[in-house]
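Subject: Structure handover

Hello,

Here is the structure you will be working with. Please open it alongside this email, as the notes below follow it.

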Amino acid sequence: MKKTLALLIACTLIFSLFAGCSSKETAKPVTDASSTPTVAAEVPTIKLTIPTLYSVPSTENTEATAKVLNEYLDSKGYQFHVALEIMGPMDYFTQPFMALAGGEEMDVWMPFDGSDQALLNCVNNGYLLPIDEYLDKELADTMALDSIDKLMPICTLNGVTYQIPAMKGFTLAYSFLYNKEIAAELNLDMDSVKTISDLDAIFAAVKAAYPEMTVVGNVGNDSVGLDVGLGTDKYYQVMDICAGVTVSEGSTKAENYFRSQAFLDAVNTAYAWSQAGYTDPNSSANSEQTSIEENLFYNGQIFSMFGLYSNKPENVSAMLTNSYGRELGCIPLGNTCNATMVPSLGIAYTTKHPSECAQLINLMMTDPVVVNTVFYGVEGKDYVWATDDTVAYPEGVNMSTMEYGLGTINGMYGNQFITYPHVEGTHADDLEYMKELTNNATFSPLFGFTFDPSNVSSNMSAIANVIGQYRDALRYGDVDPETYLPQFWAALDEAGINDVIAEAQTQIDAYLAK
């Protein structure tokens with residue numbers, strides 16, 4: 001599965017709309033800001049440093065949420081309080097690392113720097129504390145969660161555990177999104193669409209009826225492009241190792257991804273669609289093309305595009321329809337590989353209270369009051385109960401105007417399965433669907449492997465430049481693969497991709513030997 005930053009952000013945006021799921025048995029939190037707290041002795045305050053993809057709440061609103069959270073902790077006898085530090089994504093990629101580099105005190109945080117080697121970088125810089133000594137004590141309840149053992153390999157390095165993974169619907173179904181109004185008007189047989197190859201007849205009919213319309217968008221997008229879509233069948237399962245180097249089909253052999261059958265099929269399909277007039281002929285030339293085409297699709301000016309979702313297709317369709325005011329359909333075409341970068345929580349090396357940090361992480365994974373307060377804020381002010389088990393924004397409040405709230409991104413950290421469904425996000429019945437996706441997904445034998453690029457850093461820089469020159473034009477179908485692929489391959493060879501493949505294989509063999 002592609003591990004680019006763009007994929008992570010896109011998947012997280014998907015979670016922002018669809019991530020909140022919970023069983024109906026989960027108890028409601030007691031979060032009345034006016035309640036009288038249990039008086040506690042002086043206790044340490046643990047700072048939880050996390051990103052949001054929505055408006056960063058003011059200090060006043062963050063402190064109001066922390067007050068409610070601390071009242072709950074006091075009532076349960078915990079000997080620590082929590083302070084919330086919430087940042088936008090761009091600040092999050094810089095500020096925590098600057099603080100840690102300067103030796104500033106931090107506590108619990110999500111160690112992600114925007115790179116494929118985030119855990120390796122954080123460990124090499126000494127930013128994370130090992131947490132093995134807390135796994136059977138402070139984190140014992142977390143370690144007893146169903147299936148968490150499957151995820152722990154991505155939280156360890158050289159046999160040492162450094163973080164706890166989010167429990168969430170992290171396997172996504174590659175899905176075809178389309179305008180149901182046009183499909184109904186043209187009497188298209190959408191039930192016949194099971195794979196990408198089934199789309200040709202649909203696209204031809206739409207193009208004939210709407211010759212000026214772009215029929216399908218974002219075919220070359222990092223997150224949802226055709227090379228991702230064609231990777232949903234078992235034959236094409238691809239796990240990224242580093243720039244241009246992958247393993248596929250459950251193999252442990254490093255290879256040049258851009259010579260793989262998956263990439264060849266993707267660029268040939270994209271070129272055929274471009275020649276048929278289904279795509280924008282200048283897609284790769286515009287760095288803003290992704291957002292442009294998404295907006296055009298939602299506005300009804302593009303017939304279809306692709307997406308990644310962990311929710312039931314009918315719920316995805318209903319949410320999109322409600323959000324954009326037009327009938328939009330969703331057809332799953334397959335599953336992705338299980339992600340190799342699951343958002344995780346770790347403990348900063350500068351903390352003075354590691355045991356309390358571990359307790360807070362444990363609560364984010366096991367206590368619905370704690371995790372829902374962090375995500376939704378103060379009951380009555382930031383969220384209300386719409387039904388016995390579903391929350392909503394208060395009257396007159398929406399995602400754009402909320403004073404505190406992480407939207408519905410409760411799959412980003414902590415335990416998604418004990419967060420409350422949101423009327424504008426997920427439904428309770430999505431929970432089993434998420435589990436089904438994960439159970440049916442492919443785990444690479446290298447799940448948990450982290451590539452160290454230090455021995456080939458100059459090669460990787462040159463390879464990145466070559467990829468930037470050729471890849472997008474090929475993936476969007478803007479150029480003829482027969483002409484440009486040989487040029488692309490030759491440039492990659494000259495940049496040293498075979499040296500990177502050899503280094504990757506050496507590290508893979510050493511990893512497997514352990």
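A residue counts as buried if its relative accessible area is under 20%, as exposed if over 50%, and as partly exposed in between, using a 1.4 Å probe and protein chains only. This is a predicted model, in which local features need pLDDT of at least 70 and side-chain atom pairs count only at pLDDT 80 or more, while totals for chains, interfaces and linings use all residues. Residues are numbered from 1 along each chain as its sequence is written, and side-chain values use heavy atoms, with hydrogens and water left out.

Aromatic rings

Rings of Phe, Tyr and Trp (for Trp, the six-membered ring) pair if their centres lie within 6.5 Å; planes under 30 degrees apart count as stacked, over 60 as edge-to-face and the rest as tilted. Searching the whole structure gives 26 aromatic pairs. One of them is stacked: Phe176 and Tyr178, at 5.9 Å centre to centre with 15° between the planes. Phe176 and Tyr178 are both buried. The ring centres of Tyr383 and Trp385 are 6.5 Å apart and their planes stand at 70°, so this pair is edge-to-face. Tyr383 and Trp385 are both buried too. Ring pairs also link a cluster made of Tyr174, Phe176, Tyr178, Phe203, Trp273, Tyr278, Phe303 and Phe306.

The sheet

Helices (H or I, at least four residues) and strands (E, at least two) are DSSP runs, numbered from the N terminus. Two strands pair if DSSP finds at least two bridges between them. An open sheet is formed by 5 strands with mixed pairing, in the order β2-β1-β3-β14-β6. At its edges are β2 (81-87) and β6 (163-165); each has a single partner strand, so one side of each has no neighbour in the sheet. Within the sheet, β3 (residues 108-109) and β14 (residues 344-347) run antiparallel and are joined by 2 bridges. Opposite Val108 stands Ile347 in β14.

Two loop residues

Which value of Ser147 is positive, in a residue other than glycine? It is phi, near 75°. Ser147 lies in the loop between α6 (140-143) and α7 (148-151). Its relative accessibility is 26%, so Ser147 counts as partly exposed.

Asn158, also a residue other than glycine, has a positive phi near 55°. Asn158 is placed in the loop between β4 (156-157) and β5 (160-161). Asn158 counts as exposed because its relative accessibility is 65%.

Regards
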